[in-house]
Amino acid sequence: MRVLLCLLLVVFAYGATLRRQNAPLRAKNLGSVRSSREFGKDLVEMIELQLQSGGTYDDVVGLLEQIKKDFEDEQRSDSTNYLLEKDSLETTITENNDKAKVAITEKNDALNELKKLDTRITSLEDTIALTEQQQKDLAAQRADLEERKRQDDAEFERRAGEQNQVLEVVVALSGDLSNKFLNPKSLVEKQEILTRLHTIGATSALAALMELSSTLDQDVLKRVLIKLETIEGAVREALAADAEAKEKNDQLYESIIAKMQAIEDGLITLLTNSRAELSKSKNQVVVETTRKDTNEQIFIAANKAVEVASTTLQTSTTAFTQRTQERNASIEVVQKALTILRERETELKENTQ
């Protein structure tokens, strides 16, 4: 209020000096004037200085109009700069909000991929462990089959040896009985046959049979020969049956071994592929972990940039609003001073007429 009174006194004194008349200023002309105390004080000091230096009415009015124009120019420049800064900060906020959205999407995608990879790795590790156990079980089964095959072959060989031995004895006995024993030229030949039979084996049932038969008549010996032929036929059939059985056994063995080998080949392929896939999945875990961490940092940085830009924009807007208000208030003071001066000039002109 004191500043306004000072301004009133200065304008009043200036009007009196300019027109050399002492017409009072109307209080209503200043009642609506509102300005900051500092600016009003400075304005009063400027007008006083202008008056003390012999300035005219037009000088004071020109000074006030220039001050008003300077404020208006300053406001336009300040508005332009503020809008440029505001646009830049809003662009920064928008861009970083977009970055944050992309980053959080990428991070979540990476987390989902990591979950899938974790499940995949667990499955592959289970598959590998199961496949390795199947390989061990198959190897044990194959070893067991090979051992049984070895035992079967040994048994076939043993039986074939025994049967061939029996067949050899039967054939030998039949021949001797047919050619010599039934029609010996002498007792010496007969004794030789018996001696040779004993060399086949004292425990041989056939040899014992022949030794017993040597004391029998020729009808009994003929029946023995028929029995030997029957035995020979049976032995030969047994040998053929065993040979056929062995052949089938060999074929079955080869078939089972071939199937086992096919299974082993499949297990090897599965194991190789699973190990390769496991290695690939573990490498992908590193990639997805890096993607997650990188986008997390981008997200944090983007949010920080938005926070800084938002704070800066808020501070800048507050400061700009305050400057604008102060500048408008100053312009209003200058305009009111101009209005008072012009009204005073008009009154003075009317009074001089």
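Aspartate 250 is partly exposed, with a relative accessible area of 22%; here buried means under 20% relative accessible area, exposed over 50%, and partly exposed in between (1.4 Å probe, protein chains only). This residue forms a salt bridge with lysine 149, and their closest N and O atoms are 2.8 Å apart. A salt bridge is a side-chain nitrogen of Lys or Arg within 4 Å of a carboxyl oxygen of Asp or Glu. Because aspartate 250 lies in helix 6 (residues 218-352) and lysine 149 in helix 3, the pair ties together parts that are 101 residues apart in sequence. Lysine 149 itself counts as buried, at 11% relative accessibility.

The structure is a predicted model, in which local features need pLDDT of at least 70 and side-chain atom pairs count only at pLDDT 80 or more, while totals for chains, interfaces and linings use all residues. Residues are numbered from 1 along each chain as its sequence is written, and side-chain values use heavy atoms, with hydrogens and water left out.

As a whole, the protein has six helices and zero strands, giving the order α-α-α-α-α-α from the N terminus on. Helices (H or I, at least four residues) and strands (E, at least two) are DSSP runs, numbered from the N terminus. Of its 353 residues, 31% count as buried. The protein exposes about 22,200 Å², with carbon and sulfur atoms supplying 54% of that area; accessible areas come from the Shrake-Rupley method with a 1.4 Å probe, and for residues only the protein chains shown count as cover. Among the contacts with a separation of 6 or more, 86% come from residues 24 or more positions apart, where a contact means heavy atoms within 4.5 Å.

How confident is the predictor? The average pLDDT (the predictor's confidence in each residue, from 0 to 100) is 79, and 69% of the residues score at least 70. Confidence is highest in helix 3 (residues 57-181), at a mean of 90, and lowest in helix 1 (residues 2-19), at 40. Over residues 1-36 the pLDDT is below 50, although this stretch has 65 contacts in the model beyond near neighbours in sequence. Where pLDDT is low, the predicted coordinates should not be read in detail.

Side chains of opposite charge can pair when their charged atoms come close, and the structure holds 24 salt bridges. In one of them, arginine 76 meets aspartate 73 at 2.1 Å, N to O. These two residues are separated by about one helical turn, because they stand three residues apart in helix 3. Arginine 76 counts as exposed, at 51% relative accessibility, whereas aspartate 73 is partly exposed at 26%.

Another salt bridge joins the side chains of arginine 158 and glutamate 155 (2.5 Å, N to O). This pair, too, is three residues apart in helix 3, so about one helical turn separates its members. Arginine 158 is partly exposed at 41% relative accessibility, and glutamate 155 is partly exposed at 32%. Elsewhere, salt bridges that share partners join Glu74, Asp78, Arg323 and Arg327 into one network.

Leaving aside residues up to four places away in sequence, aspartate 78 touches Phe320, Arg323 and Arg327. Its side chain makes a polar contact with the side chain of arginine 327 (3.3 Å). A polar contact is a pair of N or O atoms within 3.5 Å; within protein, one must be able to donate a hydrogen and the other to accept it, and residues adjacent in sequence count only if both atoms are side-chain atoms.
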